[in-house]
Amino acid sequence: MDLNIDESWELYLQDEFKKTYFKSLDEFVSLEYKANICYPSKERIFAAFDYCAFDDIKVVIIGQDPYHGLEQANGLCFSVNDGVSHPPSLTNIFKELEKDIGKPYPKSGNLEHWARQGVLLLNATLTVRGHEAGSHQKKGWETFTDNVIKIISNEKMNIIFLLWGGFAKRKSNLIDESKHHIFTSGHPSPLSANRGYWFGNEHFSKTNFQLEQVGLEPLEW
């Protein structure tokens, strides 16, 4: 795999890349990309770590799988490439953003501008076979991303973790709540949102308020 990551991560992840499970994962992913259409593109697999430097992390948002449709995934959870139609979950994220802080619904679903401000947009599984949801789960990615969450929890202070939906909420046991802040809600998918578990969570304004409480610049969502 192409380990395109910001150099600030290397100190914290270099040992992880040497572990047996990661070497097996690397081999699996390399073979998958040779034999099948997979997403995101190889150079974007670690985009979350490239656009958001370790030193800059303010917020962590945890997704599950990359989008598996044509040209959707760009390596950042919930984000899609410019010009791509917004998937339902992203649409609901933008609707809540509009309701919460009054930001007009954006044309582009590309969340790179969040990442560059210190939002780590981390999928639990960083790759997927095209049109086969979950096809790269339980191959080692979850071990890697769980360890990333633990490293952030151990090494940083006052990080805001936004845990949306049951899958993300289960990651709370990896986070030291005495040092960090966790906001939870239902998932932005239509199934959850339409049952009243997403809309009205006000996570965007709450995040900015919390950042200001510890003397950090609020995010331009």
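Phenylalanine 22 and tryptophan 141 are both buried (buried means under 20% relative accessible area, exposed over 50%, partly exposed in between, with a 1.4 Å probe and protein chains only). A quick word on where this comes from: it's a predicted model, where local features need pLDDT of at least 70, side-chain atom pairs count only at pLDDT 80 or more, and totals for chains, interfaces and linings use all residues. Residues are numbered from 1 along each chain as its sequence is written, and side-chain values use heavy atoms, with hydrogens and water left out.

## Aromatic pairs

A search of the whole structure turns up 21 aromatic pairs. To pair, rings of Phe, Tyr and Trp (its six-membered ring) need centres within 6.5 Å; planes under 30 degrees apart count as stacked, over 60 as edge-to-face and the rest as tilted. Phenylalanine 22 and tryptophan 141 have ring centres 6.5 Å apart and planes at 85 degrees, so this pair is edge-to-face. The pair ties together distant parts of the chain, with phenylalanine 22 in helix H2 (residues 20-35) and tryptophan 141 in helix H6 (residues 141-155), 119 residues apart.

Now for tryptophan 114 and phenylalanine 204: their ring centres are 6.0 Å apart and their planes sit at 55 degrees, so the pair is tilted. Here too distant parts of the chain are linked, from tryptophan 114 in helix H5 (residues 112-115) to phenylalanine 204 in helix H9 (residues 203-213), 90 residues apart. Tryptophan 114 is buried, at a relative accessible area of 2%, and phenylalanine 204 is buried at 0%.

There's also an aromatic cluster, and among its members are Trp9, Tyr12, Phe46, Phe22 and Trp141.

## The whole fold

Zooming out, the protein has nine helices and six strands (DSSP runs numbered from the N terminus: helices are H or I with at least four residues, strands E with at least two). Its C-alpha trace spans about 45 × 35 × 25 Å along the principal axes. Of the 221 residues, 54% count as buried.

How much of the contact count comes from residues 24 or more positions apart? They account for 65% of the contacts with a separation of 6 or more, where contact means heavy atoms within 4.5 Å.

## Charges

The protein carries 23 positive and 30 negative side chains, and the centres of the two sets lie 6 Å apart. Lys and Arg count as positive and Asp and Glu as negative, while His and the chain ends are not counted; each charge is placed at NZ of Lys, CZ of Arg, CG of Asp or CD of Glu.
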